[in-house]
Amino acid sequence: MTKVMQIDEKNVNFLKKVEELSGEKITLCEQCGICTTSCPMVDEMDFTPAGIMRAVQIGDETIIESKAIWVCASCFSCTVRCPRGIDLSKVTEALRQLTLRKNVDHIDLKEVKKEKLPAIAVVSALRKFTG
Amino acid sequence: MAKIGVYVCHCGGNISDIVDVDEVARFASKLPDVTVVRSISHMCSENGQRTIMDDIEEHNLDRVVVAACSPQFQGSTFEKTLAKAGLNPNMVEMANIREQSAWSHYGKPEDATEKAKILTSMAVERIRKKEPVERISMKIGKNALVIGGGIAGIQASLDLANAGIDVYLVEKEPTIGGHMAQLSRTFPTEDCASCILAPKMADAAEHPNVHLMTYSEILEVSGSIGNFKVRIMKKPRYVDENKCTACRECEKVCPVNVPDEFNLGMTARKAIYLPSSTAVPHAHVIDKDACLGLNPLVCGRCAEVCEADAINYDDTPLYVNLEVDTIIVTTGFDIFNAELKPQYGYGKYRNVITSLQMERIIVEMAEGRPPRPVGKDIAFIQCVGSRDAQVGNLYCSRICCMYATKLASLLKRADPSSEVYVFYTDLRAYGKGFEEYYRTAQEIGVNFIRGRPGELMEDAETKKVIIKVEDTLTRKIIERKFDLVVLSVGMIPSPGTIKIAEMLKLPRSSDGFIKEAHPKFRPVDTPVEGIFVAGTAQGPKDIPDTVAQASAAAARAMTFMNKGEFEMNPIKAVINGEMCNGCGICAEHCPVDAIQVKGVAEINPPLCKGCGACISFCPRDAIDLRIYSDDEIMAEIEAALKDKREDEKRILIFADDMCTYTLADSVGTAKREYPPNTYLIRVPSSSRVTPKMMLKTFEMGADGIFLGECEEAVSPYPNTLDVIDENIKKVRTVLSRAGIAPERVNYSPFVTVMLPKFVNTINKMVEIVNKYGNIPEEKRRKLSAVEVMQ
């Protein structure tokens, strides 16, 4: 069964909020999908990058519960290829911020296994997963 | 005493939604000499024009101010209205309250209204100083030059020739026909392209009124409508095109093989070759770079076998000078260089080709000599080099959707067991019969998938190309191997288009193609009188649109040539004989040699372009400019600075008509905001703004002055930037001495597409003025005492 999503002010406000946080004009996205197959992490994502953009365009707030926005490695592959010149990594960062600003930690530092990780990976993971 | 009618236009809400037009009208009614004021919905409509004509009769008006849109947009409309009412067309002035106020300050309605009032008062003060100007007309004959022998050039030449005009059709390649000659079939009718083009090429060559010059390049163009002087170089062909029978015996003996550019390098040709099987003129040509030295001692085999005795190794360039009355530019397009999208592997992967290569493969396949296999699984990737901010091409190339549909259909029909995919973002089937053609392609089984691949991979063993793409309709990522991937490359302006645009000083729009004089009503005119543009030199388009434009350009050129005379630009320098002592400094500085000194200086009107650069150099103030006189501009400046509050800062921007003024209009049209305390004054060239004028402007209350001028490459006037630079230096020296920050005066070159640069530059100027604050009165007074050495 397909559920109907009611579109109202709430959706518009969500789009505006993400646009404000990211500084990107999300309505510019033309849904070509170049970002999706440029993304090295897409195989691990529950939503494609283009799918995330579309969800924000129609103001679907449930996107902030997706796994995909945390899987994003902020590698900018999508950004350098977007034919509309949108910086998608800023958009996923904005979506993460919506959760992070609620002071939710996704990682307990003490429980991180000792692995040989490049310093930059540790820093970016910390930044991404802790508020 | 003058009697002025002021008309404030609402522009159907464009102005009146932002600017309080009634307030502007009330304000205008208090201005000096204003007899009638009206506020009307559409001034440019028949009703609006009728109102002006009735008022002129009823109230004996002798001057009119229209506060509406840009004078570049509707100025000529109101000049005609005045002429109809029996007034001199020079006696109308427009206050540009739409582009320069309502649209560029739409977020600040109150400021916009205040600015509209000042702009209107500037126009009123200026019109008070205006004098009737007699128009100068000149003879125009019936000779036309068409640059570029593609389908646009051929069509325009034939139309002109059939109307009795002498046409010189100049093509840089050894054959006419252009890109159309390379195509397989044309969409949506699937006519064989060269079969419908070849007869037209032959017509052009045989028409008694068409003088065909192939393998020829334009070296130089000077003059103006009715009197263009053109210098052309006919490159040495080394084969006499009249003797050559195209028997091809020479090709058989020629030992040199080089890639054939007609087949985009997929096949080889000889150093002596026939440019294509339908080439016109139908004669061989020697590629001098590939030939073994044009030295019969080295090789000379072709000359040995040529029965017609057509080969001449001693051929030299031939220089031809022409005088023509009009020019049509049909210099066409080039395909986007797919190597600029490295993620698609063109030039690296063997099985990735461009769509134009596919056209040639289909033609050659039909002839039974395919230059390469096409395989069973073929993919098309759309929008390569179009609609792509990453390569700077924001525009849609308009033809790729349909040519990909065509090529896909042809391939699918040729081998129904093949699988053909088209990966697209939006499928644009906008033309006549296009949607039906798309439907047919779907019916025969071409697969259309909505998604643009991020990158292509090559299978190391099979060399097949792997496409991974998101089907954006199902949100599934799909992957498939293809034998051949065709990149649907877009159109870019050809190098010839760029070169000719620079040579003829034609402005180009932000997409790089030649800009038309008006996007709706003068689509084939250029801003340069007597020069027209047609086909893909003006923007991406398909064959029917190209042909329609070519016929339109021919018709436009004929409107001028049939009439037999042309009215000249009335802006000219004038010398005050009583003041002039014949020193000749102006003549030394005139960029077009329009001044001769015979006792006193004299201006040659057909040569004078009206830039006004000479004025700054005259030590005795003996030169003025007709229509943009010192009196008129000073009146405008005074009005722009009138009733300035103490804390208020005002910045005057002098904008050259061709680039900066047009650019400011585009900024307004794009609704890009800039600070409202900036007032534009239109001048033919900012070199006309003398140091004296600038200092006077500061003295009268300006806090900053900015001069905008065309970039050298597109400017109608040579060397004006140097003059401006020199003038600004003089003004800055005086300002420094008076203790005023020299940065308060600045200039910048522009072209018409630099919207962000314009806004940034103006913002920066306002920042500087804000930083230094208002100029104190006593410092301003110091300026009046200074004598400037001009």
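View 1. In chain B, 74% of the contacts between residues at least 6 apart in sequence join residues at least 24 apart; two residues are in contact if their C-beta atoms, placed from the backbone, lie within 7 Å. This is a predicted model, in which local features need pLDDT of at least 70, side-chain atom pairs count only at pLDDT 80 or more, and totals for chains, interfaces and linings use all residues. Residues are numbered from 1 along each chain as its sequence is written, while chains are lettered from A and ligands numbered from 1 in the order in which they are written. Of the 790 residues of chain B, 50% are buried, a term for residues with 20 or more other C-beta atoms within 10 Å of their own, the C-beta atoms being placed from the backbone.

View 2. The C-alpha trace of chain B spans about 85 × 70 × 55 Å along its principal axes. A compact globule of 790 residues would have a radius of gyration near 28 Å, and the 31 Å of chain B agrees with this; the radius is taken over C-alpha atoms, and the globule rule is 2.2 Å times the number of residues to the power 0.38. The domains of chain B include domain 1 (1–133), domain 4 (336–492) and domain 6 (628–790), with bounds from an automatic or database domain assignment. Taken over C-alpha atoms, the centres of domain 1 and domain 4 of chain B are 54 Å apart.

View 3. Chain B has 21 helices and 38 strands, where helices (H or I, at least four residues) and strands (E, at least two) are DSSP runs numbered from the N terminus. Strands β32 (residues 595–598) and β33 (residues 600–603) of chain B pair in the antiparallel sense over four bridges; pairing requires that DSSP finds at least two bridges between two strands. One residue lies between β32(B) and β33(B) in this hairpin, and B:Gly599 in the turn has a positive phi of about 80°. B:Val597 stands opposite B:Ala601 in β33(B).

**View 4. The helices of chain A.** Chain A has seven helices and zero strands, and its elements run α-α-α-α-α-α-α from the N terminus on. The C-alpha atoms of chain A fill a box of roughly 45 × 35 × 30 Å, taken along the principal axes. Of the 131 residues of chain A, 33% count as buried.

Terms used:
A residue is buried if 20 or more other C-beta atoms lie within 10 Å of its own, exposed if 12 or fewer, and partly exposed in between; C-beta atoms are placed from the backbone.
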